[in-house]
Amino acid sequence: MNRQLTLMVVHAHPDDECLTTGGILARYAEEGVRTVLVTCTNGEQGDDQNGVKPGEPGHDDAAVAAKRLEELRESVGHLAVEHLELLGYRDSGMEGWEANGHPDAFANVPVETAAARLAELMEHYRPQVVVTYDETGGGGYGHPDHVQTHRVTVAATERSGIPDKLYYTAIPRSAILRMFEMMKESGVDVGDFDPSADFGTPDERVTSVVDVTPYVERKIKALQAHESQGDNIFLLRMPDEARMQAFSHEAFERVLSKVDAPGHEEDLFAGLRDS
Ligand SMILES: [Zn+2]
């Protein structure tokens with residue numbers, strides 16, 4: 001009997017699941033792998049409906065969280081995620097925001113406290129493969145909740161000893177530059193987005209690239225499900241060609257492998273499949 005393969009992806013906010021891992025979630029689910037998405041916060045610091053920004057008068061944290069949970073459920077439907085687990089922590093907001101100071105903000109929760117809860121989920125689902133962000137929160141992003149998600153996932157991996165392989169999401173620097181050029185050429189308003197030399201993941205850190213071309217449409221549907229955050233999702237406004245380039249492959253840095261897997265792989269379960 002083949003053993004149950006399980007993928008666990010750990011993200012900070014509702015909507016983070018789409019861009020860097022939407023394709024692997026959809027693809028592995030279709031292959032019969034059990035998929036688990038863990039979302040650490042409720043996303044209270046997102047935009048309110050009618051475009052009210054966090055911190056502005058009239059921003060209703062509870063209503064934003066409720067709306068975003070609804071959107072997350074729709075998104076995971078598109079991605080065929082089998083199990084959605086919500087840790088329910090409070091969104092810390094971007095670095096420097098007043099929300100950072102809230103004692104219940106995820107970034108202020110002791111790593112070991114949250115890691116104990118995540119380790120319990122690892123014990124329950126026994127994922128061979130776990131995916132989260134790198135130490136910068138993902139290619140230099142730096143959001144306090146993403147950095148915390150990284151720390152908590154690494155700690156839970158060590159504590160439980162369960163995952164055979166641990167990956168960080170990666171957006172290769174070369175891919176970002178290519179995409180940015182493509183967007184400029186086609187006259188897209190890229191706002192204040194200007195990839196600095198240290199933006200994205202250095203290409204030499206990328207060990208694994210998964211082709212998710214057949215799942216691009218579903219990734220886009222999943223992103224669109226987060227419509228209350230549409231202001232912040234400029235990728236939805238990209239020209240088709242650039243979007244295909246940005247969505248069709250998902251890259252990762254493998255940081256732990258207890259099994260024999262090639263140095264460069266196209267499958268996160270390489271070395272874990274019964275032959
Ligand atoms: Zn996020």
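This is a predicted model: local features need pLDDT of at least 70, side-chain atom pairs count only at pLDDT 80 or more; totals for chains, interfaces and linings use all residues.
With a relative accessible area of 29%, glycine 142 is partly exposed. Apart from its neighbours within four places in sequence, glycine 142 is in contact with Thr136 and Val147. Its C-alpha atom is separated by 19 Å from that of alanine 114, a residue 28 residues apart from glycine 142 along the chain.

Tyrosine 141 is placed in the loop between β4 (129–132) and α4. The relative accessibility of tyrosine 141 is 41%, so this residue counts as partly exposed. When neighbours within four places in sequence are left aside, tyrosine 141 is in contact with Met94, Thr136 and His146. Tyrosine 141 and phenylalanine 199 are 58 residues apart along the chain, and their C-alpha atoms are separated by 8.2 Å.

## Helices α1 and α6

Two packed helices are described by the angle between their axes and the distance between the axes. For helix α1 (residues 16–30) and helix α6 (residues 216–225), the axes come within 9 Å and cross at roughly 125°. Angles over 145 degrees count as roughly antiparallel and those of 65 to 115 as roughly perpendicular; α1 and α6 are therefore oblique to each other. Their crossing is right-handed.

On the α1 side, the residues that meet α6 are Cys18, Leu19, Gly22, Gly23, Ala26 and Glu30. Their counterparts in α6 are Arg218, Lys219, Ala222 and Leu223. By class, this contact of α1 with α6 has five nonpolar, two polar and three charged residues.

Side chains of opposite charge can pair when their charged atoms come close. With a cut-off of 4 Å between the side-chain nitrogen and the carboxyl oxygen, the count comes to 16 salt bridges.

One of the salt bridges is between the side chains of glutamate 31 and arginine 273, at 3.0 Å from N to O. This pair links distant parts of the chain, 242 residues apart: glutamate 31 is in the loop between α1 and β2 (34–41), and arginine 273 is in the segment after β7 (249–257). Glutamate 31 is partly exposed at a relative accessible area of 39%, and arginine 273 counts as partly exposed at 37% relative accessibility.

Arginine 159 forms a salt bridge with glutamate 112, and the closest N and O atoms are 2.7 Å apart. Because arginine 159 lies in helix α4 (residues 144–160) and glutamate 112 in helix α3 (residues 111–125), the pair ties together parts that are 47 residues apart in sequence. Relative accessibility is 49% for arginine 159, which counts as partly exposed. Glutamate 112, at 45%, also counts as partly exposed. Elsewhere, salt bridges that share partners join Arg27, Glu31, Asp267 and Arg273 into one network.

## The pair of aspartate 47 and lysine 53

A further salt bridge is formed by aspartate 47 with lysine 53, with the closest N and O atoms 2.8 Å apart. Buried means under 20% relative accessible area; aspartate 47, at 6% relative accessibility, therefore counts as buried. Lysine 53, at 27% relative accessibility, counts as partly exposed.

Key:
Residues are numbered from 1 along each chain as its sequence is written. Side-chain values use heavy atoms; hydrogens and water are left out. Axes are lines fitted to C-alpha atoms, for helices over the stretch in contact, and angles run from 0 to 180 degrees between N-to-C directions. Helices (H or I, at least four residues) and strands (E, at least two) are DSSP runs, numbered from the N terminus. Angles under 35 degrees count as roughly parallel, over 145 as roughly antiparallel, 65 to 115 as roughly perpendicular and the rest as oblique. A crossing is left-handed if the near helix is turned anticlockwise from the far one by less than a right angle, and right-handed if clockwise. Contact means heavy atoms within 4.5 Å. Ala, Val, Leu, Ile, Met, Phe, Trp, Tyr, Cys and Pro count as nonpolar, Asp, Glu, Lys and Arg as charged, and the others, Gly among them, as polar. Buried means under 20% relative accessible area, exposed over 50%, partly exposed in between (1.4 Å probe, protein chains only).
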